[in-house]
Amino acid sequence: MSLHASLLNQLGQRILRGELQPGAPLPNVEDWSAAHNVSRTVMREVIRVLAGKGMVESRPRTGTRVRPRSEWNFLDPDILAWRYGSTVDIADARALFELRRAIEPAAGELAAQRASAAQIAELKEHFALMEQYADDGERFAEPDLAFHQLILRMTGNELIGSLGTLTKAAVIISFHLSNANPYGQRPSLPLHRRVIDCIEARDSKGVREALLELLDNAEADVERGLGARSGV
């Protein structure tokens, strides 16, 4: 990881964790640069990137301060990674699955209407790898992620397709907590198969129902994992 990326992650996570509250000033550029032995140019670039995410703002005479959380771009890939990286609580997990429910079932409906034969064939290829790695959580994660991201692209809507970072964050959470499910990922295979069958049959309602059930089951697995970690 580059020095710029390291500083960005460090400062971004401090803000996200609330160590720097909204309205609080960021460290002085000169002091921060000296403390981390980096140039002021690097530090200014980090602040510029955080500003682009809505997390901070710079004004004459008042300096750079943390903005209210309501102004942050929580769909930004870095903010998603910081929020759902090392520690996740049930409220955070529920928020992400609520968002997925608002997007993926509707995307599945559009995919059933618009998916090409080549895209359906690609979806089957991802599923074949999921079957192959159903008992290996780490290797299963990659084709599962590709499966769900492809459904977003199958809509033919570039705006929806670009929301794949949300799916990525949720899948990463699920597999970090995969020990909550003693049966591994194999129980999810029939529902994934049903999604393919419904898309191929142009059954929009069936795709929606299958994806909703998949999301419900995935969220339940995550909540069981979080409960096990906290001893609940």
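## Leu8 and its contacts

Setting aside neighbours within four places in sequence, Leu8 is in contact with Val46, Val49, Leu50, Asp78 and Trp82. Leu8 belongs to helix α1, which covers residues 3–17. This is a predicted model.

Is Leu8 buried or exposed? Its relative accessibility is 6%, so Leu8 counts as buried; the cut-off for buried is under 20%. One of its contacts, Val46, is 38 residues away along the chain.

## The overall fold

The protein has 11 helices and 2 strands. In sequence order the pattern is α-α-α-β-β-α-α-α-α-α-α-α-α. The C-alpha trace spans about 65 × 40 × 30 Å along its principal axes.

How much of the protein is buried? Of its 232 residues, 43% are buried. Contacts can also be sorted by separation along the chain. Among contacts with a separation of 6 or more, 69% join residues 24 or more positions apart.

## Helices α2 and α3

Two packed helices are described by the angle between their axes and the distance between the axes. Take α2 (residues 29–36) and α3 (residues 40–52). Their axes come within 9 Å and cross at roughly 115°. That angle makes α2 roughly perpendicular to α3. On the α2 side, the contact is made by Val29, Glu30, Trp32 and Ser33. On the α3 side, Arg40, Met43, Arg44 and Ile47 take part. The crossing of α2 and α3 is right-handed.

## Helices α5 and α7

Now take α5 (residues 90–114) and α7 (residues 137–154). The axes of α5 and α7 come within 7 Å and cross at roughly 60°. The crossing of α5 and α7 is left-handed.

Which residues make this contact? From α5 come Arg100, Ile103, Glu104, Ala107, Gly108, Ala111 and Arg114. From α7 come His148, Ile151, Leu152 and Met154. An α-helix has 3.6 residues a turn, so residues three or four places apart point the same way.

## The aromatic pair

How many aromatic pairs does a search of the whole structure find? It finds 1. The partners are Trp72 and Phe74, and the pair is tilted. The ring centres are 5.6 Å apart, with 40° between the planes.

The two partners can be compared by accessibility. Trp72 has a relative accessible area of 7%, so Trp72 is buried. Phe74 has 22%, so Phe74 is partly exposed.

## Ser188 and helix α10

Ser188 sits in the loop between α9 (164–176) and α10. Its relative accessibility is 16%, so Ser188 counts as buried. Leaving out neighbours within four places in sequence, Ser188 is in contact with Phe140 and Leu214.

Helix α10 covers residues 189–200. The buried residues of α10 are Leu189, Leu191, His192, Val195, Ile196, Cys198 and Ile199. Arg202 follows α10, and its phi is positive, near 60°.

Conventions: Residues are numbered from 1 along each chain as its sequence is written. This is a predicted model: local features need pLDDT of at least 70, side-chain atom pairs count only at pLDDT 80 or more; totals for chains, interfaces and linings use all residues. Side-chain values use heavy atoms; hydrogens and water are left out. Helices (H or I, at least four residues) and strands (E, at least two) are DSSP runs, numbered from the N terminus. The expected span of a helix is 1.5 Å times one less than its number of residues. Buried means under 20% relative accessible area, exposed over 50%, partly exposed in between (1.4 Å probe, protein chains only). Contact means heavy atoms within 4.5 Å. Rings of Phe, Tyr and Trp (its six-membered ring) pair if their centres lie within 6.5 Å; planes under 30 degrees apart count as stacked, over 60 as edge-to-face and the rest as tilted. Axes are lines fitted to C-alpha atoms, for helices over the stretch in contact, and angles run from 0 to 180 degrees between N-to-C directions. Angles under 35 degrees count as roughly parallel, over 145 as roughly antiparallel, 65 to 115 as roughly perpendicular and the rest as oblique. A crossing is left-handed if the near helix is turned anticlockwise from the far one by less than a right angle, and right-handed if clockwise.
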